[in-house]
Amino acid sequence: MAQKFSLDSSKCIYCAGCVSVCPVLALTLDETKILCDEGKCIACGTCEKGCPVAAIKITKPK
Amino acid sequence: MRIQTEYDAIVLGAGPGGSTFGKKAAAAGMKVLVLDKKKEIGTPVRCGEGIAEHSEADLGIKVLPNAVASTIEGARVFSPNGKTIRLKTPNTRGYVLERKLFDKHLAMDAVRAGAHVLPHTLAISLLKKDGKPAGVKAVHMGEEIEFRAPLVVSAEGMEAKIAREAGFDAKATLYDVDTCFEYEMAGVPCQPYIDLYFSSRLAPRGYVWVFPKGKDVANVGIGIGGNAGQNPKALLDQFIHEHPELFSKAQPVEYKGGIISVGAPINEFVKDNFLVIGTAAHQVDPIHGGGIGLAIQAGNMAAESAVEAFKKGDYSKKNMAAYEDKWRKQVGPKLAKRLMLRKVLEKLSDDDWNHVVGSINEADLDKVLAGDYKPVVAKVLITRPTLLKVLGVLMG
């Protein structure tokens, strides 16, 4: 299955804004990396909308 | 360095709130550990770095000279068509900080008081004993460690992951956050004022700020409503493009940004064996998104309650409720008024902004900041009665 959460790390400023707005605690900031627990992610797109540098793309599962 | 794992309290996050709690609790004899997920406390900076000078006296802190980038005399508000109100009173004096140093100094003070501090340590889950919080599991230098304490304090900032795992409703919605982007720029001609540019076009539901960090260096940032559906970086770039008088020679030396609560504080700060302080509890000013002073204040209040609980050997919610009661009495009402103001200001069009800024003066702005809205709204309504629908709520 395709990944729901994808991040362009060349844009990311690792501010963890996405972690703050994720409603299901699927995201973690580990130093400069955003990690997504794909099992928890519900592909709601909140992180994509909130990201200040448009670094996130959410793909809804088909 | 040998790491100890048994404490009276474990604090998550060595920001201003966490370090303040650590310092005060350790000074009172508690064995405290302050964890921070970053290898370097205070990074990455996610804010405009401003703090009022009177905060030092209010909070009982001393900002060290090398943490002060510049001294501020007041604030200026710019309307979309360039009208300005300048506000300069003893209350508007302040500093633009070097957060990386400011936060580190507070952590050092916590160490001096006897607290343990451990950077580069990511808390990954809450530990429980008999169904109650009893510590955290964390990763430090590749090793999973169980830190145990009868009290866990979340000073986690916006992420608030362990607080949410503990059952606190600290989730941030897009409506109640601002999404922010900021350049630190050199080559910006600066005056000793923090400048705020309002525009529903360039900063929907927020504003652009220029906070000087020296004669020709400034934090140039933007915060917009999280649900505005726009990219703050793109809007800030447009603002910079439209203001060559400020930015024709400016170049960025650092990129910063983040998401900040501009809503109400969370509905509960205390549970058995768990406290939430500062930005993790959404204790943030809804107008400017500032939370440094509020976090320090909450850190002090929470530590008072924690020390009482420590003396009794009982960290139940009941025993620590004084922190929340005191906060909701002393701080809550003021922030609630500011939230009401935010919800009104976000409805103003650019034309409304031009009118409002054009029809009020410095004394009026001072009143607004002090929470005395009524006389100022009345003045604005004389020349634009149609704004009653938007501003009327502030007349109550």
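Where does helix 8 of chain B bend, and by about how many degrees? In this predicted model, helix 8 of chain B bends at B:Tyr323, by about 25 degrees. The legends below begin with this helix and then turn to the sheets.

**View 1. Helix 8 of chain B, residues 317-330, with its bend at B:Tyr323.** An α-helix has 3.6 residues a turn, so residues three or four places apart point the same way.

**View 2. The packing of helix 8 and helix 9 of chain B.** Two packed helices are described by the angle between their axes and the distance between the axes. For helix 8 and helix 9 of chain B, the angle is about 50 degrees and the axes are 4 Å apart. Because of this angle, helix 8 of chain B counts as oblique to helix 9 of chain B. On the helix 8 side, B:Trp327, B:Arg328, B:Lys329 and B:Gln330 take part in the contact, meeting B:Gly332, B:Pro333 and B:Leu335 of helix 9 of chain B.

**View 3. An open sheet of 7 strands in chain B.** The strand order is 6-5-14-15-16-13-17, and the pairing is mixed. Strand 6 (84-87) and strand 17 (251-261) of chain B form the edges, each pairing on one side only. From one strand to the next, the twist averages 15 degrees. Within the sheet, strand 15 (residues 207-212) and strand 16 (residues 217-225) of chain B run antiparallel and are joined by 6 bridges; B:Tyr207 has B:Gly223 in strand 16 as its bridge partner. Helix 5 (residues 232-242) of chain B packs on this sheet, touching strands that include strand 13 (177-186) and strand 14 (193-198), and its direction makes about 45 degrees with that of strand 13 of chain B.

**View 4. An open antiparallel sheet of 3 strands in chain B.** Here the order is 9-10-11, with strand 9 (121-129) and strand 11 (143-148) of chain B at the edges. The twist averages 25 degrees from one strand to the next. Strand 9 of chain B is joined to strand 10 (residues 132-140) of chain B by 8 bridges, and B:Ala123 has B:Ala138 in strand 10 as its bridge partner.

Notes
Residues numbered from 1 in each chain as written. Chains lettered and ligands numbered in written order. Predicted model: local features only at pLDDT ≥ 70, side-chain atom pairs only at ≥ 80, totals over all residues. Heavy atoms only, no water. Pairing = 2+ DSSP bridges. Helix = DSSP H or I, 4+ residues; strand = E, 2+ residues; numbered from the N terminus. Axes fitted to C-alpha atoms, helices over the stretch in contact; angles between N-to-C directions. Contact = heavy atoms within 4.5 Å. Expected span 1.5 Å × (residues − 1). Bend = angle between axes of the 7 residues up to and from the residue. Parallel < 35°, antiparallel > 145°, perpendicular 65-115°, else oblique.
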